[in-house]
Amino acid sequence: MARIALLYPTRNAGEDDFTDLAGRFRPALDVPVRYFPWPDGVGNLADQDLPTVADAVRRLGSDEHLGAVLPELATGFDSVAFAVTSSSFLVDPDHQLRTLRRLCGAPATSTTSAFQEAIRALGLHTVSLASVYHPSFSDHFVNRLDAHVVHRVDASAGSDRELAAWPPERIVDLVAQAAHPKAQAVLLPETALHTNRLTAELERAAGCPVLTATQVTLWSAARLAGVHPVAEGAGPLFKP
C-alpha cells in the first residue's frame with residue numbers, strides 16, 4: 001500500500017476530510033497526517049491584521065522553517081503532500097516543491113501545484129473561483145493558474161480552525177455564488193473545509209465539476225506515488 005505523508009499545520013482543522021476521502025479510494029492509500037508547527041511567535045491568526053497573517057503564512061512555507069521542522073517528520077514515504085493552500089501560493093510553488101523534495105527525500109506536491117496539475121490534466125481553460133480568502137490573497141492564487149478565471153467570490157473568512165467549522169450549507173452557498181455559465185469547473189482551494197461528502201451537492205450548486213483542495217491534493221500525491229485511485233462520487237479526478 002502506498003504511503004503519503006500529509007503535511008498539516010493545525011490539529012483539528014479539517015485534516016479528517018483528507019483521511020475520509022483516502023478511505024474511499026480503490027486501491028487504498030495510507031495517508032498519515034504529519035503535523036508541523038507554525039513558526040515561533042505566530043499567535044491566533046483570527047485576531048491578526050492582514051499583513052501579519054500574510055507574513056505568518058509565508059514564513060510557514062519558507063525554506064528556513066521547512067528545513068527546521070520537516071526532516072524529522074516526513075521521511076520514508078512514497079510521496080509527500082504540503083496541504084496548506086495559502087502557504088503554497090504566497091511563495092513560489094515550484095521552489096517550494098524543490099525544497100520539499102530535498103528535505104523529505106520523496107516526490108512532493110502542494111495544494112497549489114496540485115490545482116495547476118489538475119487543470120492541465122482535465123484540459124480546463126475557463127474556471128470560476130470560490131475563495132475563502134481576502135481578495136489580495138486570492139490574487140496570488142489566480143496568478144498561479146493556467147486557466148482564465150471568468151468569475152470569483154472572495155469570502156475574506158477567518159482562520160483555518162474557523163473554516164473547519166463551516167457547516168455544509170455555507171460551503172455550498174459559496175460555490176453557488178461562484179457559479180458561472182462560462183466556467184468549466186469551480187475551484188474551491190481551502191484545505192480546512194470539509195468538502196469530501198459534499199461533491200454531488202457542490203456540483204449541483206455550481207452546474208459543473210467542482211475541484212476541492214482535498215481532491216486535488218490527494219490526487220496529485222497519489223499519482224506521484226504511482227497510484228491512480230478511483231472513488232465513487234468523488235469528482236472527475238477519481239472516475240474509473
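Let's start with two helices, H9, residues 168-178, and H10, residues 199-206: their axes come within 8 Å and cross at roughly 30°. Angles under 35 degrees count as roughly parallel, so H9 is roughly parallel to H10. Keep in mind that this is a predicted model. The crossing of H9 past H10 is right-handed.

Which residues make the contact? On H9, they are Ile171, Val172, Val175 and Ala176. On H10, they are Glu201, Leu202, Ala205 and Ala206.

Three of its residues are buried: Thr199, Leu202 and Ala206. Where do they sit around the helix? Look down the axis of H10: the buried residues fall within an arc of 65°, so they line one face of the helix. What do they pack against? H9 is one partner. The others are strand E7 at 185-188, strand E8 at 210-212 and helix H11 at 213-224.

What comes just after H10? There we find Gly207, with a positive phi of about 75°.

Next, the loop between E7 and H10. Arg197 has its place there. Is Arg197 buried or exposed? Its relative accessible area is 59%, and exposed means over 50%, so Arg197 is exposed. Leaving out residues up to four places away in sequence, Arg197 touches Asp20 and Arg24. And how far is Arg197 from His125? In sequence, the two are 72 residues apart. In space, they are 27 Å apart, C-alpha to C-alpha.

That's the tour. Thank you.

Note on methods
Residues are numbered from 1 along each chain as its sequence is written. This is a predicted model: local features need pLDDT of at least 70, side-chain atom pairs count only at pLDDT 80 or more; totals for chains, interfaces and linings use all residues. Side-chain values use heavy atoms; hydrogens and water are left out. Axes are lines fitted to C-alpha atoms, for helices over the stretch in contact, and angles run from 0 to 180 degrees between N-to-C directions. Helices (H or I, at least four residues) and strands (E, at least two) are DSSP runs, numbered from the N terminus. Angles under 35 degrees count as roughly parallel, over 145 as roughly antiparallel, 65 to 115 as roughly perpendicular and the rest as oblique. A crossing is left-handed if the near helix is turned anticlockwise from the far one by less than a right angle, and right-handed if clockwise. Contact means heavy atoms within 4.5 Å. Buried means under 20% relative accessible area, exposed over 50%, partly exposed in between (1.4 Å probe, protein chains only). The arc is that of the directions from the helix axis to the C-beta atoms.
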